[in-house]
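Please open the model in your viewer and keep the sequence beside it.

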Amino acid sequence: MTTFLGAYNTSILAIPAYHVLSFLPHAYAAWVATKGNLVKWDNRNPRSTELHATLKEKLDAETYARYERAEACHANGMENLPLFATTVILGNLAGLKKDGLHGMTGFVSIYLGLRLAYTGVYLSTDTQGPTYIRSGIWIASVVLCFRVIADAAKKLGTAGF
């Protein structure tokens, strides 16, 4: 019997899952900025300097800092999406093993776990010390992608492309 996910390539499905994970800090930032009243969120130009200046004026320093960290976390997720998606595509194109800890399923599970931890540390940190943990998690996630890309390059390199 095939399970729901058993019929799909879970490493490919991890791409939209990663996108959702990266979007959640932005939704949290809007919630913080509106103090939980999302209908007050001005979505006409959410990246404008005017909106940020207004928020900085309206919110106390601690709340504004939480808002900024959430938006920075969201931006980092979006900035890292191309690396992650490219890694998934190259791993599948190269025919890297699908299942197991060392296969594509293991890769996306570990990567998404690292990004979840990264997000948690980013959103909950307001002192300098834990930022080193966050940076270490980020480095680990990038190194993991590079390892899979190198494996794909090796396998595709022998295929005569």
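In this tour, a residue is called buried under 20% relative accessible area, exposed over 50%, and partly exposed in between, with a 1.4 Å probe and protein chains only. The model is a predicted one: local features need pLDDT of at least 70, side-chain atom pairs count only at pLDDT 80 or more, and totals for chains, interfaces and linings use all residues. Residues are numbered from 1 along each chain as its sequence is written, and side-chain values use heavy atoms, with hydrogens and water left out.

**The whole chain**

Begin with the protein chain in a cartoon view. The chain has five helices and zero strands, and from the N terminus its elements run α-α-α-α-α. Helices (H or I, at least four residues) and strands (E, at least two) are DSSP runs, numbered from the N terminus. Along its principal axes, the C-alpha trace spans about 60 × 35 × 30 Å. Of the 161 residues, 37% count as buried.

Select Phe 107 and Tyr 111 next. Both belong to helix α4 (residues 104-124), where they are four residues apart, about one turn of the helix. Is Tyr 111 buried or exposed? Tyr 111 has 1% relative accessibility and therefore counts as buried. Phe 107 is likewise buried, at 1% relative accessibility.

Now display the aromatic rings. Rings of Phe, Tyr and Trp (its six-membered ring) pair if their centres lie within 6.5 Å; planes under 30 degrees apart count as stacked, over 60 as edge-to-face and the rest as tilted. The whole structure holds eight aromatic pairs. The ring centres of Phe 107 and Tyr 111 are 5.9 Å apart and their planes stand at 40 degrees, so this pair is tilted.

**The nonpolar cores**

A nonpolar core is a set of buried Ala, Val, Leu, Ile, Met, Phe, Trp, Tyr and Cys residues joined through side-chain atoms within 4.5 Å. In soluble globular proteins, nonpolar side chains tend to be buried together. Select Phe 84, Leu 96, Phe 107, Val 108 and Tyr 111, which have the most contacts inside the largest core, a set of 16 residues. Helices α1 (10-33), α3 (61-93), α4 and α5 (129-157) each supply at least two residues of this core. Which helix gives the largest share of this core? Helix α5 does, with five residues. A second, separate core has eleven residues, among them Ala 30, Val 32, Leu 51 and Tyr 67.

**Charges over rings**

Select Arg 115 with Tyr 118, and then Arg 134 with Tyr 122. A charge sits over a ring if NZ of Lys or CZ of Arg is within 6 Å of the ring centre and within 35 degrees of the ring normal. The charged end of Arg 115 is placed over the ring of Tyr 118, at 4.3 Å from its centre. Arg 134 lies over the face of Tyr 122, 3.8 Å from the ring centre.

**Along helix α5**

Select Arg 147 and Asp 151, both in helix α5 and four residues apart, about one turn of the helix. They form a salt bridge, with the closest N and O atoms 3.7 Å apart. The term denotes a side-chain nitrogen of Lys or Arg within 4 Å of a carboxyl oxygen of Asp or Glu. A search of the whole structure finds one salt bridge. Asp 151 is partly exposed, with a relative accessible area of 35%, and Arg 147 is partly exposed at 35% too.

Move to Trp 138, which lies in helix α5. With 32% relative accessibility, Trp 138 counts as partly exposed.

**Two final stops**

Select Lys 35, in the loop between α1 and α2 (49-58). Its phi is near 55 degrees, a positive value in a residue other than glycine. Lys 35 is exposed, with a relative accessible area of 62%.

Finally, select Val 20 in helix α1. Val 20 is partly exposed, with a relative accessible area of 48%. The C-alpha atoms of Val 20 and Gly 77 are separated by 9.7 Å, and these residues are 57 residues apart along the chain.
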